[in-house]
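Subject: Handover of a structure, with findings

Dear colleague,

Please find below the structure that I am passing to you.

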Amino acid sequence: MEKMRGLSHLFMTIYLHNFSTFMVIPAITDVTMAAICPGMDECSSAIYLSGFQQAIVGIGSLVMMPLLGNLSDKYGRKALLTIPMVFTIIPLAILAYSRSRTFFYLYYVLRTLTAMFCEGSVHCLALAYVADNIPAGRRASAFGILSGIGSAAFVCGNLSTRFLSTPSTFQVATAVAVVALGYMRFFLPDSVVDGDDPLTAPIVPKGKLDGACPDDDSEDKTQVFKKAPSLGDTVALLRSSLTFLQAAIVAFFGNLADVGLHASMMYYLKAQFHFNKNQFADLMVISGIAGTISQLLIMPILAPMIGEARLLSIGLFFNCVHMILYSVAWAAWVPYAAAMFSVLFVFAHPCMRTIVSKQVGSCEQGKAQGCISGICQLANVVSPLVFSPLTALFLSDSAPFHFPGFSIMCVGFASMIAFIQSVMMRVAPSTSDARVSSCHSLA
């Protein structure tokens, strides 16, 4: 009961945080276009600027994700969650105050800097928190529920945007981000509690959690965590398990495709079908509702029946199909039909994270999830460098041939690589218990 109360507060924290960040997505494209290219539906400068921001954020996050995950193993998930949740508020507050060109560029700079800490870190730490408190056999369902909570926030945030003006959207987002921070600080119990060894005592009493950390060698653990994780530590973690390495490859190409789609899709739809904030919100609400229903109701049933590996392949296959459908959209209703594939492709991310969590001991969860998040952020660096120029080229008058969705088609091919790798993956049995004695061997 105590464990479920802790997770319920985590779920509410994630819901509020995601609500505040997701609700501004439909509006930010219009704000960017209005500040850089007012009155235009096509703007290469906006595409390049967004791509540059994503690449810089990816470089910073590539360093910060493993560090935050590693530090959370020592200082607790709650303490490290505070950092990105505070930084999230700052850029939102700027656009809540004004969306003029001057304030937009101020937002752009601060958003780039703060996103190095915020981009993906809240979700990464939440996954480690869940892994602290849920046995290995139930993590796929728990991760699915966590992703479902995020999808529910995605739906509600975008639905709110549909009925709010642009200024009100950023004002409400800022207020909800503040509430999320306050709720987390007051109500969320940490997954590290006081005891003989406060750095390793889980929220669930020892023996009730798969692969609980041992209480001995605390002095060695303290020494291990005195240094930040290096590139060599990441390589050692990747080499510790073939399954972990294969999951990292899937994570890279899957995230490469996802980031490429999200960076290109809105500019593509605006140029091709003249979508605006309201149409973007409608599209995201449809995708979010389908994904929420799938993650909360379907995935907890299917995961124990067919396993995370098969469910991962199913998700990646339909992710590839829906991207290719976007790229060849011949009418304005086609993107809405493609969004419905969310009911299947949302399986991919939580299944991949579950597979990763089962390859390490319980006091390596933050490090493992941080490593995968860092690899995802590497994809965040590469993706805009490849797909932003491609999108700008094929949406311009100087395209070598007429195919506005060509960049999204290429994104689909990247997703296909992730799918092929997932089919080749052979998931090893959970090693959480076997690796407990070596929880502090990778630092």
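The notes below set out the conventions and then the findings.

This is a predicted model, in which local features need pLDDT of at least 70 and side-chain atom pairs count only at pLDDT 80 or more, while totals for chains, interfaces and linings use all residues. Residues are numbered from 1 along each chain as its sequence is written, and side-chain values use heavy atoms, with hydrogens and water left out.

Salt bridges

The structure holds four salt bridges, a salt bridge being a side-chain nitrogen of Lys or Arg within 4 Å of a carboxyl oxygen of Asp or Glu. Three of them are described here, with the helices that carry them; helices are DSSP runs (H or I, at least four residues), numbered from the N terminus. Burial is given by relative accessible area: buried means under 20%, exposed over 50%, and partly exposed in between, with a 1.4 Å probe and protein chains only.

One of the salt bridges joins the side chains of Asp30 and Lys270, at 3.1 Å from N to O. Asp30 belongs to helix α2 (residues 25–36) and Lys270 to helix α11, so this pair ties together parts that are 240 residues apart in sequence. Asp30 is partly exposed, because its relative accessible area is 21%, whereas Lys270, at 7%, is buried.

Asp132 and Arg77 also meet through their side chains in a salt bridge, at 2.8 Å from N to O. This pair links distant parts of the chain, 55 residues apart, with Asp132 in helix α6 (residues 121–133) and Arg77 in helix α4 (residues 77–97). Asp132 counts as buried at 7% relative accessibility, and Arg77 counts as buried at 3%.

A further salt bridge is formed by the side chains of Arg162 and Asp282, at 2.8 Å from N to O. Arg162 lies in helix α7 (residues 139–162) and Asp282 in helix α12, so parts that are 120 residues apart in sequence are tied together by the pair. Arg162 is partly exposed, with a relative accessible area of 29%, and Asp282 is partly exposed, with 24%.

The C-alpha atoms of Cys156 and Val285 are separated by 7.6 Å, although the two residues are 129 residues apart along the chain.

Helix α6 also contains Ala131, which is buried with a relative accessible area of 0%.

Glu308 is found in helix α13 (residues 308–327) and counts as buried at 14% relative accessibility. The C-alpha atoms of Glu308 and Ile355 are separated by 6.9 Å, and the two are 47 residues apart along the chain.

Gln359 sits in the loop between α16 (348–357) and α17, and is buried with a relative accessible area of 2%. From C-alpha to C-alpha, Gln359 and Leu237 are 9.9 Å apart in space, and they are 122 residues apart in sequence.

A helix pair

Two packed helices are described by the angle between their axes and the distance between the axes. The axes of helix α3 (residues 44–75) and helix α17 (residues 365–394) come within 7 Å and cross at roughly 170 degrees. This makes α3 roughly antiparallel to α17, a term for angles over 145 degrees. Axes are lines fitted to C-alpha atoms, for helices over the stretch in contact, and angles run from 0 to 180 degrees between N-to-C directions.

His274 is found in the loop between α11 (242–273) and α12 (277–306). His274 has a positive phi of about 60 degrees although it is not a glycine; most residues other than glycine have a negative phi. At 53% relative accessibility, His274 counts as exposed.

Ile298 lies in helix α12 and is partly exposed, at 31% relative accessibility.

Yours sincerely

Definitions and conventions. Helix = DSSP H or I, 4+ residues; strand = E, 2+ residues; numbered from the N terminus. Parallel < 35°, antiparallel > 145°, perpendicular 65-115°, else oblique.
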